[in-house]
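My entries follow the order in which I looked.

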Amino acid sequence: MSLNRISIRQAGAADWPQISALLAANKLPLDAAQAHLNHYVLALSGSEVVGTAGAEVYGDIALLRSVAVAPGLHRQGVGKAMVGLILDEARRRGIRQIYLLSVTAPEYFAQFGFKRGPRELAPKALQASAEFQGACPSCAALMSLTLIADVKPRAGELPVAVLGAGPVGLAAAAHLLERGITTMILEAGPSVGSNLLDYGHVRLFSPWRYDVDAVMAKMLAPTGWQAPPAEELPLAREIVERVLQPFAALPQVTAALHLNTRVIAISREGFDKVKTVGRDKAPFVIRVERDGQAVELRARAVIDATGTWGQQNPIGSNGLPALGERELADAIFYGIPDVSGPLRERYAGKRTLVVGAGHSAANALLALADLATAEPRSRLAWAVRTPTLARVFGGGDADALPARGRLGSQLKALRDSGALEFFSGLRITALKRENGAITVEGIDAQGQPVRVPGIDEIVSATGQRPDLSLTSELRLKLDPWLESNEALGPLIDPNLHSCGTVRPHGHRELSHPEPGFYTLGVKSYGRAPTFLMATGFEQARSVAAALAGDLEAADRVELDLPETGVCSVGAAPEADSAGGSCCSAGPAPMVAAVQAASAVPAPAKGGCGPKSCGTAAAAPARCCG
Ligand SMILES: CC(=O)SCCNC(=O)CCNC(=O)[C@H](O)C(C)(C)COP(=O)(O)OP(=O)(O)OC[C@H]1O[C@@H](n2cnc3c(N)ncnc32)[C@H](O)[C@@H]1OP(=O)(O)O
């Protein structure tokens, strides 16, 4: 930023001598300022510091202080530019309220919207700060400015609740906010993208261009956010770091986002599932657990984008936990363990059985194979329920997502190399602890009993299923076996399709007999393992348009998904939802986005005034600020 020949930049530790000289010349306190320099900005004329402003940040509140401009440059907009910058950065950081103490310039700060208030009402964190503890005199006026208002819907206008702050939930929130719809995002985890972070080490096979929702990108653009390289493949955690966290830091998103808020159940106010008359007018009631307390929130519509990651399928081939599975839980990892990172010791030198035929299993097997190379005592076994492996190995070079094709080809090469014991057509029925190891029991493709003794660890990559307990009091229409939205079932049934192309679909397919309730994202596919993040973004666009009453846009669904290269005509060889088939792009883990480095904007920077009381006209000896 430059005002004629004045430039403004963030302060650094090396700037302290010039900053302290300017503050002292303006009789502003130095106490504790140096500790907050990372939230200070400077105005420079050449290399000379001619202005400064700073903030002390305490969670989601801040104290503006140290606003000073060299006398020869007063009233040229330097102060305004610095304060404006600090307020913008504070909003971006999610600071809800900013305070200041000033003796000389309350009227000056009033032009930014700061209002005076009783000093006793300042939050405790500020009361404990150096300025409140004596650096500013007791007569300094307390002023405050609300940067992010709490989401309180206007009378009669309840928010739309988005359940889940993963990529699709946040995309839905982006589309709703863009349309001016009051939105409330409820996320069980402590961070946005909590599920993605669970397998953050996994490289996804969809390049960035499929992994960033267009409206999220549009909302991020004014912050200086840079889209990641379109053709690069992200790690799962990079999607969180490079897209979801910067998006969540936008003030309007921060204001709508409730972390650590687990949805327990959803119903309609005053209506159980049976009662019909007037049902469509009744608000939704969302029961959540927050800080150990059950709380009920109201919403005019609900978008369930909670995914399926929290509900891992069991190992038993009949969909029930294998006999003994629960008792052996400490030796079973459900998902994709980070064997080259924190879990290396758990698997090094062990005999590990991977169960599952999807991309998650492939990732786990390839990582364990690398570990076995480094730790030759490690041994690897792989069990799949299907006797036919064409879909497991995927379309290779014919796959429109090269990384997805490569994953299948690498897995085939590993199997062909003999580096692993391979059990195809194994339907696991029981797990037992025998002689200090696990014995796996099952039936082979010919119906003959199979026993695999001597397993130390099991990685279960058998896919996920939706948690339907949240919605048991709502009227949903689900596919009887996929538990997907009913209308999507025939489009994605792995018994019928071996192909990744899903007909474009939107709000109509995603709605239920329960008016105002939509299932989006991986959960809309139920147990079908073929969901792509890009599908979810289009779902979000269509549903937000429908909720805004823009049916023309809502019905104009457009979806261009990459082919798998293993499309077959007619029925697929065998349905096997275990851990994501090679249809489409597999479960969310394998599908999403890019690589990292936090794109979260730099923290806010920002001061009290003279250190003693008196009127400004009397030019007090100590200013505050
Ligand atoms: C929270 C704290 O930091 S409190 C400490 C405040 N700082 C001080 O007291 C140090 C001495 N003062 C200064 O350094 C400067 O005068 C500042 C920082 C208050 C203002 O910076 P400047 O760059 O001169 O102001 P800027 O150009 O941004 O704004 C000018 C406008 O504010 C108004 N203004 C400037 N100072 C004051 C003031 N003390 N009270 C009321 N209005 C003021 C001017 O009338 C002008 O309005 P206009 O544009 O309509 O003419």
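The entries below cover conventions, salt bridges, cores and a sheet.

**Conventions.** I am working with a predicted model, in which local features need pLDDT of at least 70, side-chain atom pairs count only at pLDDT 80 or more, and totals for chains, interfaces and linings use all residues. Residues are numbered from 1 along each chain as its sequence is written, and side-chain values use heavy atoms, with hydrogens and water left out.

**Salt bridges.** I searched the whole structure and found 28 salt bridges, counting a side-chain nitrogen of Lys or Arg within 4 Å of a carboxyl oxygen of Asp or Glu. I then looked up individual pairs.

Asp-550 and Arg-179 form one, with the closest N and O atoms 3.1 Å apart. Asp-550 lies in the loop between α17 (533-547) and α18 (551-555), and Arg-179 in the loop between α6 (167-178) and β10 (183-186), so the pair ties together parts 371 residues apart in sequence. For these labels, helices (H or I, at least four residues) and strands (E, at least two) are DSSP runs, numbered from the N terminus. For burial I use relative accessible area: buried is under 20%, exposed over 50%, partly exposed in between (1.4 Å probe, protein chains only). Asp-550 is partly exposed at 26%, and Arg-179 is partly exposed at 33%.

Glu-514 and Arg-279 also meet in a salt bridge, at 2.9 Å from N to O. I place Glu-514 in the loop between α16 (507-510) and β24 (517-519) and Arg-279 in the loop between β12 (262-268) and β13 (284-290), 235 residues apart. Are these two buried or exposed? Both Glu-514 and Arg-279 are buried.

Lys-281 pairs with Asp-280, the closest N and O atoms being 3.5 Å apart. Lys-281 is exposed at 68%, while Asp-280 is partly exposed at 47%. I also noted that salt bridges with shared partners join Lys-432, Glu-434, Glu-441 and Arg-451 into one network.

**Cores.** A nonpolar core here is a set of buried Ala, Val, Leu, Ile, Met, Phe, Trp, Tyr and Cys residues joined through side-chain atoms within 4.5 Å. The largest has 61 residues, and those with the most contacts inside it are Leu-244, Phe-247, Ile-303, Leu-520 and Leu-547. Helix α17 gives the most to this core, with 8 residues. Apart from this core lies another, of 46 residues, including Ala-11 and Leu-23.

I checked what Phe-247 touches, with contact meaning heavy atoms within 4.5 Å. Leaving out residues up to four places away in sequence, its contacts are Leu-170, Ala-174, Met-216, Met-219, Leu-220 and Val-253.

I then returned to α17, where 15 of the 15 residues are buried, so the helix is largely enclosed by the rest of the structure. Just after α17, Gly-549 takes a positive phi of about 85°.

**Sheet.** I traced an open sheet of 5 strands in the order β16-β23-β17-β18-β19, with parallel pairing. Two strands pair if DSSP finds at least two bridges between them. Strand β18 (residues 379-383) is joined to β19 by 3 bridges, and Trp-382 stands opposite Phe-422 in β19.
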